[in-house]
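Here is a short report on one protein model. Keep the sequence and the coordinates open while reading.

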Amino acid sequence: MDFQLGEEDRLLQQTARELAQREFARDAYSYARTGEYPRRSMKVLAGHGMMGMTVGAPHGGGRSIFEACLVMEAVSQVCPHSGDVVQMGNMGPIRVIDELGTEEQRARFLPGLCGGEKIIAIAMTEPDAGSAATDLKTTAKHDGGSVVLNGQKCFSSNAPHADLFVVFVRFGPRTRDCGAVVVEAGTPGFTKGRTERFMSGEAHCALHFDNARAPRGNVLIDSDGFRVLMPIFNVERLGNATRCLALAQAAYDMTVEHTKARRQFGRPLCEFQGVQWMVADMRVKLEAARLLLYRALANARAGLPTAVETTAAKLYCNEMARQVADDAIQLHGGYGYSAEMPLEFLYRKIRGWSIAGGTVQILRNRMADLIYERSFSQRPPRPE
């Protein structure tokens with residue numbers, strides 16, 4: 001069993017890191033203040049073959065999830081916002097189109113995404129359907145050459161900027177009637193609400209479908225949707241875990257340098273045992289998280305990741321990253337707490353990933369299902 005990256009993987013990681021340092025380091029945290037989407041990063045990454053890496057030929061690079069996450073990790077450590085672009089261009093809804101779309105759909109939607117020209121977002125969460133995703137109420141109905149959507153979505157990251165959405169919908173009353181439709185900005189009857197911000201500064205907005213009429217050819221799947229869509233969504237969870245790891249690593253690296261240089265009581269902070277123990281614990285957590293994540297990614301090279309490995313990796317990376325970022329702030333003192341320094345932003349950014357893509361509580365429920373090989377419904381018992 002070899003725990004080292006192969007030469008090709010190391011070269012890819014190094015290339016991504018050098019690209020990020022050269023192209024993104026100067027403006028790394030500026031997007032947190034401006035609220036803009038890093039569209040320039042989209043074009044730069046696409047120009048180096050780092051958008052659509054996981055998308056099959058001829059539209060994408062046909063590379064593994066592992067390789068895409070190595071790039072994402074390297075870029076995110078330098079510029080978290082550009083790391084989000086790598087996620088958008090390789091995980092989540094773009095993978096849904098690549099996996100489920102017809103050749104016509106792939107040819108229509110994927111080139112603009114892989115070329116860094118268009119932004120895509122997932123539209124799953126609703127006001128009354130968060131963790132209970134199967135409670136979604138947004139409906140879709142076939143009507144001749146169209147599909148008509150009615151309902152509302154919320155908390156879709158980057159929705160104000162997005163050009164197209166993979167929308168989870170219900171074609172009938174049963175859970176098995178759920179599916180997904182690609183809806184483009186400008187579709188008649190589809191409107192975006194006012195722009196709001198998450199704690200991280202990332203933009204989101206409500207999405208309204210009022211007899212929104214999309215071409216029937218935009219339907220990706222119209223039955224048994226959750227059984228098919230959720231395994232693909234596991235890839236999104238590994239992207240989430242990768243960015244947690246990357247930002248925690250960045251916070252740790254800043255802390256090591258700070259505790260070597262910062263002096264109190266006439267001594268560098270690193271000479272105090274209390275500091276040494278905190279930094280040592282941070283390092284151990286990072287090492288454990290990287291092993292869990294890389295195992296899931298390595299075993300997914302030939303296909304989709306397993307549920308156990310994905311659940312374990314996201315759960316641990318989410319909680320590890322929060323702990324490491326919190327300790328990094330503590331060890332930086334007032335500098336860590338200052339809004340003029342990057343650590344407070346890293347913490348705010350990390351915090352959201354324990355909610356997005358499956359909360360850490362839902363992941364524990366999922367792990368119990370896998371351990372006992374049975375489903376533990378969270379719904380109240382039905383009356384006899």
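The model is predicted.

**Helix packing**

Two packed helices are described by the angle between their axes and the distance between those axes.

| Helix pair | Axis distance | Axis angle |
|---|---|---|
| α6 (residues 93-100) and α7 (residues 103-114) | within 10 Å | roughly 150° |
| α10 (residues 307-332) and α12 (residues 342-352) | within 9 Å | roughly 160° |
| α8 and α10 | 8 Å | about 25° |

Start with α8 and α10. Their axes lie 8 Å apart at an angle of about 25°, so α8 runs roughly parallel to α10. The crossing of α8 past α10 is left-handed. Helix α8 spans residues 225-261 and includes Glu236. Glu236 and Lys314 are 78 residues apart in sequence, yet their C-alpha atoms are 10.0 Å apart in space. Is Glu236 buried or exposed? Glu236 counts as buried, because its relative accessibility is 17% and the cut-off for buried is under 20%.

Helix α10 also packs with α12. These axes come within 9 Å and cross at roughly 160°, which makes α10 roughly antiparallel to α12. Their crossing is left-handed.

**Salt bridges**

How many salt bridges does the model hold? The count comes to 28.

One of them joins Glu117 and Lys43, whose closest N and O atoms are 4.0 Å apart. Glu117 sits in the loop between α7 and β1 (120-123), and Lys43 in helix α3, so this pair ties together parts that are 74 residues apart in sequence. Glu117 is exposed, at 53% relative accessibility. Lys43 is partly exposed, at 44%.

Glu99 and Arg95 form another salt bridge, with a closest N to O distance of 2.8 Å. Both residues lie in helix α6, 4 residues apart, about one turn of the helix. Glu99 is partly exposed at 38% relative accessibility, whereas Arg95 is buried at 6%.

Glu196 pairs with Arg194 at 3.6 Å between the closest N and O atoms. Glu196 counts as partly exposed, at 32% relative accessibility. Arg194 is exposed, with a relative accessible area of 64%.

Salt bridges also link Glu8, Arg63 and Glu67 in a network.

**Backbone geometry**

Most residues other than glycine have a negative phi, and most peptide bonds are trans. Some sites depart from this pattern.

Which residues does a cis peptide bond join? The bond is between Ala57 and Pro58, with omega about 5°. Pro58 belongs to the loop between α3 (39-47) and α4 (65-78).

Asp224 is not a glycine, but has a positive phi of about 55°. Asp224 lies in the loop between β10 (219-221) and α8. Its relative accessible area is 31%, so Asp224 is partly exposed.

Glu373 also carries a positive phi, near 55°. Glu373 is found in the segment after α13 (360-372). At 74% relative accessibility, Glu373 is exposed.

**Surface patch**

Met1, Phe3 and Leu291 make a nonpolar surface patch of about 440 Å². Phe3 lies in the segment before α1 (7-23). Phe3 counts as exposed because its relative accessibility is 58%, and the cut-off for exposed is over 50%.

Definitions and conventions. Residues numbered from 1 in each chain as written. Predicted model: local features only at pLDDT ≥ 70, side-chain atom pairs only at ≥ 80, totals over all residues. Heavy atoms only, no water. Patch = residues over 30% accessible without salt bridge, like charges linked within 9 Å, V, L, I, M, F, W, Y side chains within 5 Å. Areas by Shrake-Rupley, 256 points an atom, 1.4 Å probe, with all protein chains shown as cover. Salt bridge = Lys/Arg side-chain N within 4 Å of Asp/Glu carboxyl O. Helix = DSSP H or I, 4+ residues; strand = E, 2+ residues; numbered from the N terminus. Buried < 20%, exposed > 50% of the residue type's maximum accessible area, 1.4 Å probe, protein only. Axes fitted to C-alpha atoms, helices over the stretch in contact; angles between N-to-C directions. Parallel < 35°, antiparallel > 145°, perpendicular 65-115°, else oblique. Left-handed = near helix turned anticlockwise from the far one by under 90°.
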